[in-house]
Amino acid sequence: MRFSRDRRGQSVVVGTVILFGFLILALGIYQVQVVPTENANVEFEHSQQVEDDFGDLRNDVLRAGSTGSTGSTQVRLGTRYPARTFFINPPPVSGSLETEPTGPIRVLNATVGDGAHQNARDFWNTSPSFETRSLRYDAEYNEFDGAPELVYEHSVVAAEFDDAVLLRTGQTVVSEERISLTALSGSVSETGVVPRSVDPRAVSASDTTVPLEPRGGQITLELPTAVGNASALADRWNGSLPPNATATNATGEALRVTLDNVSDDRPYRLALSEVSLDNTGDTEPEYIVPVGSQRASVGDTVAVEVRDRYNNPVPDATVTFEGTTDGINVTNETNDDGRVYF
């Protein structure tokens, strides 16, 4: 019997090799085309989640500045891809969350009106400014090329693209007759994949408002910004401002919001606050105002309120009442409302 010309098994072997080749080709196509597309979807969804986190953080900051409450928001810095048995994923996405100093908030061409005590007007005649920061998020995505960097500053979450700027929230700085400014302090520097908590805490909550009137021109708010394209940012702000305000980019690194002057009997009310992102910072006394009548008789109780540079009450401040006729001095500390009674 001769076996040299027996080819009965060749077709099976050839077919198996061809099928195996098709399998390898299909796996390669899936790895090159399908896996990146699915990973891009994972990254896009993560980008949307971070925008939601920033919106929650913005609300916590505003709430802390207006009421003194303390909040906590988790920001999902990065994300991981679903496990794949036969395919290879790139490294997990890492994100960074950092504060950066931007300069001072300034209120220009303005003075505190007659509705406030003389001590408050004297303080504002010194043209105070308020240092602030911006909070920026950026992610190193492997497949999703259209993700913006997120910036929070002055009540607004801005999405900064390569050639555009969009607002993800509205602004609360200016309403028809109210100005609300919150200085951001503290330092945050986080990089990684796992979520990180940010805990806004009020250093000075806006318990008090003061009347603000123009002095030598229109009232102008100078708001420093970390957004690179400040002109595009100003255009977006104009879509969010009330009719009595206009935003421009006059300095290159700050927005200028110009306010139409209101009547003397209806001045703007200014509310100021400071919120820390790292649980640090203290407020210091700047001036003092009487509570109630400024006239008192023997036996009456006299009350005063100690305020900080944001025009808000300062608790646990030491106040000394100096007697003018008998030489007796009395020292007390202010209560939680910033007031002390003699």
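By cavity I mean, on a 1 Å grid over the protein atoms alone, a set of points where a 1.4 Å probe fits but cannot get out; lining residues have an atom within 4 Å of a point. Volume is the space filled by probe spheres set on the points, with grid points joined across faces, edges and corners.

Quick housekeeping: this is a predicted model, where local features need pLDDT of at least 70 and side-chain atom pairs count only at pLDDT 80 or more, while totals for chains, interfaces and linings use all residues. Numbering runs from 1 along each chain as its sequence is written, and side-chain values use heavy atoms, leaving out hydrogens and water.

The largest cavity holds about 50 Å³. Its lining includes Val61, Arg133, Tyr152 and His154. Strands E4 (129-139), E5 (149-153) and E8 (178-185) each give that lining at least two residues; strands here are DSSP runs of E, at least two residues, and helices are runs of H or I, at least four, numbered from the N terminus.

Among the lining residues are Ser47, Tyr137 and Pro148.

Three strands sit in an open sheet, in the order E17-E18-E21, with antiparallel pairing; pairing takes at least two DSSP bridges between two strands. At the edges are E17 (287-291) and E21 (339-341). E17 and E18 (residues 303-307) share 5 bridges, with isoleucine 288 opposite valine 306 in E18.

Definitions and conventions
1 Å grid on protein atoms, 1.4 Å probe; cavity = no way out; pocket = protein on both sides within 12 Å on 5 of 7 lines; lining within 4 Å.
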